[in-house]
Amino acid sequence: MKKRLLFFSLFLFNFSLLAQNQYFFSGKKLNASIPSPQQFFGYEMGTHHTRYDKIIEYMRVLEAKSDRVKVVTIGETYEHREQVIVHFAKPDNLSKIEQIRESHLANAQGKVSDASMQPVVVWLGYNVHGNEASGGEASILTAYYLAASEDEEAIKWLDNAVFLMEPVINPDGRDRFANWVNMHKGNPMVADPLDREHNEVWPSGRVNHYWFDLNRDWYLAVNQETRNRLRFYHTWLPNVVTDFHEMGTNSSHFFEPTKINAQNPIVPAANYDVLNARFAKYFEKSMNEIGSFYFTKEAFDNFYPGYGNTYPDLQGGLGLLFEQGSSRGHIQDSQNGVLKFGFAVRNQLVNALATIRASVDERKYLLKYQSDFYKNIEKTNETIKGYVVSSPTDANRFSAFCDLLNVHHINAFWLDKDVSADGQTFKKDASVFIPLAQAQGLLVKSIFDRPKKFADSIFYDTSTWNLALAFGMEHAEMKTLPSQAQKITEADLKLEMPKSSYSEYAYIVDWQDYNAAKFLSYLHQKGIRVKVAMRGFSLEKNKYPSGTLMIPVSLQDISSKELYDELLNIQKETNLGFTAVSTGFSDQGIDLGSNSFKTLNAPKPIMIIGQGTSQYEAGEIWQMLDTKLNMPITKVDMANFGRVNINSYTHLVLVSGNYDELGTSTISKLKAWVKQGGTIIAMKTAIEWLIKNEFSSEKLIKLDDEKGTERVNFENIQNIAGAKTTGGAIFEVDIDNTHPMGFGFTNRKLAVYRNNNTILEPSKDRSATVAKYTAAPWLSGYVHPQVLDKIKNSASLIVENSGSGRLILFSHNPNFRGIWYGTNKLFFNSLFISNSLGQERFGSEE
């Protein structure tokens, strides 16, 4: 009896395995010695979401069983999940993979006269958004097929290509999502969209550990997962790169081309007109063969250079976007019937294989296209020869900018002598020249580009990405090549600081440097007393602006020698020196014992997170404080905030969102807390909530209603309304750098990023509007003329007093995507300097 049961069980398993292979690999011949996914995992693909560690385990099994597979570790995520690239090629090529890599790069650099015999390099990237999980499952099946297929076509692929697979680009987010849907999966499965399985809690699996969207990070390189990827990517420069996504449950499947009028104008037309069009025919054929529906040309754009499908376009490759209707779980009702996870996985698999097929068929064209791409870029005859960049008062911010150039393999050169351009003087000791005539010339263009004219007024994401403005760099175009010295290297960015001198009296720290906030954070952690200068002064022949930090030696609880040793340790951690002074008697301005030096107490911030708030903005703040300041922040879900003793905290951070869930009792407590000295830092729509609930008496500027009487076609009504959306543009503000919120800024003109239409009137309190949009604020990106009129002369940053406390209101996001170094100091000031506003300027009486 037991033997019969065992035989019957094996029969059912083999039948199930056969049925699954027919569903995913109909008519394909597969090596039986290599375990299929179902054999390894013990379940049919599409019936369960595979944990990331199991995916990697399976890849290593394939490596052990097949001589076509090699797994390479490229780093790890914030949550210590291994990042891998799985290589696939014929055994002979895999054994000489380093030689092939070097030859491929030589071809890309135009050093190979005939590349017709070289393999094409295809990068298969999946699951950058963790909750778009069908891509990750498709990577498993694609890997199995490349390792096990004995079909003639698959052998041809492996003979003529090297495949670099990143099975899951966002491992931390994927596991968050996989755990959610697996633990809520019913048996039988539940297709009702209202079921808990299909409705994730906050934060979603879309984002990484710090709640960043990694599909915006290829260009910005803020997160360590991205930096690990880019480090490996630039050792290969693949010809084709896939980017597999999911979209709404009621959608079918999308493959490129994207919207015709939404292409990056600096990318060669052949990328869209020839390559994209050729590949689309393969996707069309493959989807038709399995009867799956799809759409093209209606949606998505190729503007922003930081997507997984657009960054390769700037490297002589072809980036390809796929979007699959999502079951967001295992099965879900849709307008097209019940959408099954397995169906979504198959569509992704089919187009992964179609990409491989097209890449091999178009191998010679792709190799020549990339070689010509780089030859043409380096021979550019542009009127503008490049850009000169400097940040003379902020060495660490300048270093961060140059570090990003190095990540992207952009060449920059120290100036050999001072240069004058655009009314500015760039000193040779603190300036670099970035030429356009280099392999990464298109990225250089992107970094300095200021687009204002667009074929479309509806954007999937941001419409501008000028990194020189984001970093707040002084920069100018150069129409002639300046005298250049050596190329900037990683060693140049380490900023080995000379050992600062010892003092028995006081030390001075420059608040203008980006890392001064980190220095201050360490001072607070060590219990070192520190003060801030509310006015500028001169001392021992040096000038110090308002915002300068002063560390008095005699007021500490430790000895002068212990203090000095602590400061040297902090200097090492922050790459920021300090100045020893021997007297408190100034040459000009306030003395060190003046009451215009205010004590800075350590802030203890808390941030409300959870449903109804922006996970991106909350993550930007968390990541910034963690990685740039080494400073903790308490994150409390809105549903639990009523239990918080708010009096234990100095600052409350409100990112964009609706906070009605707090309830009237908690709102009353918050109002009382502010009156008693608390500080609320609010951004964008959180300001609207504060005004609605009478925390703030400031006024909003409303946009005109789009109701009119003029008749419009039904098909255009969405575009008319959407055109007024500010999806992401850069504007100029005038900042009062004598105000504590403006401390550390040397220039009153500041570029800010805004992607919202929360517009503030200037405050009636004449000194409360710290930053105000200029009369002609538009610097770059798309903005509707009516919206621009409202933004002109409106308030960007207001500090509103409320009893003994204050409200700090940002109508823009000073921390956007972790890259806006140029405005981060506004947020630092709101944390560290804001409480000095409540102290009396002078304590003496006449």
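Predicted model: local features only at pLDDT ≥ 70, side-chain atom pairs only at ≥ 80, totals over all residues.

**Cores.** I started with the nonpolar packing. The largest nonpolar core has 238 residues, and Phe-163, Ile-434, Ile-551, Leu-654, Ile-680 and Phe-832 touch the most other members. I checked which helix gives the most to this core: it is α11, residues 341–361, with ten residues. Another core lies apart from it, made up of eleven residues, including Ile-508, Met-550, Val-581 and Phe-597.

I then picked Ile-551 and listed its contacts, skipping neighbours within four places in sequence. Among them are Tyr-505, Tyr-507, Phe-519, Leu-523, Ile-528 and Leu-567. Arg-529 and Gln-556 are also in contact with Ile-551.

**Cavities.** How many cavities of 30 Å³ or more are there? I got two. I noted 14 lining residues for the largest cavity, with Leu-220, Thr-464, Trp-465, Phe-816 and Trp-820 nearest its centre. By class, that lining has ten nonpolar, three polar and one charged residues.

**Glu-132.** Next I looked up a residue in the loop between β3 (120–126) and α6 (134–148), namely Glu-132. Is Glu-132 buried or exposed? Its relative accessible area is 3%, under the 20% cut-off, so I put Glu-132 down as buried. Its side chain makes a polar contact of 3.5 Å with the side chain of Arg-206. Leaving out neighbours within four places in sequence, I found Glu-132 in contact with Asn-127, Arg-206, His-245, Glu-246 and Arg-328.

Definitions and conventions. Residues numbered from 1 in each chain as written. Heavy atoms only, no water. 1 Å grid on protein atoms, 1.4 Å probe; cavity = no way out; pocket = protein on both sides within 12 Å on 5 of 7 lines; lining within 4 Å. Points joined across faces, edges and corners; volume = space filled by probe spheres on them. Nonpolar A, V, L, I, M, F, W, Y, C, P; charged D, E, K, R; others polar. Core = buried A, V, L, I, M, F, W, Y, C linked by side-chain atoms within 4.5 Å. Buried < 20%, exposed > 50% of the residue type's maximum accessible area, 1.4 Å probe, protein only. Helix = DSSP H or I, 4+ residues; strand = E, 2+ residues; numbered from the N terminus. Contact = heavy atoms within 4.5 Å. Polar contact = N/O pair within 3.5 Å; in protein donor to acceptor, adjacent residues only side chain to side chain.
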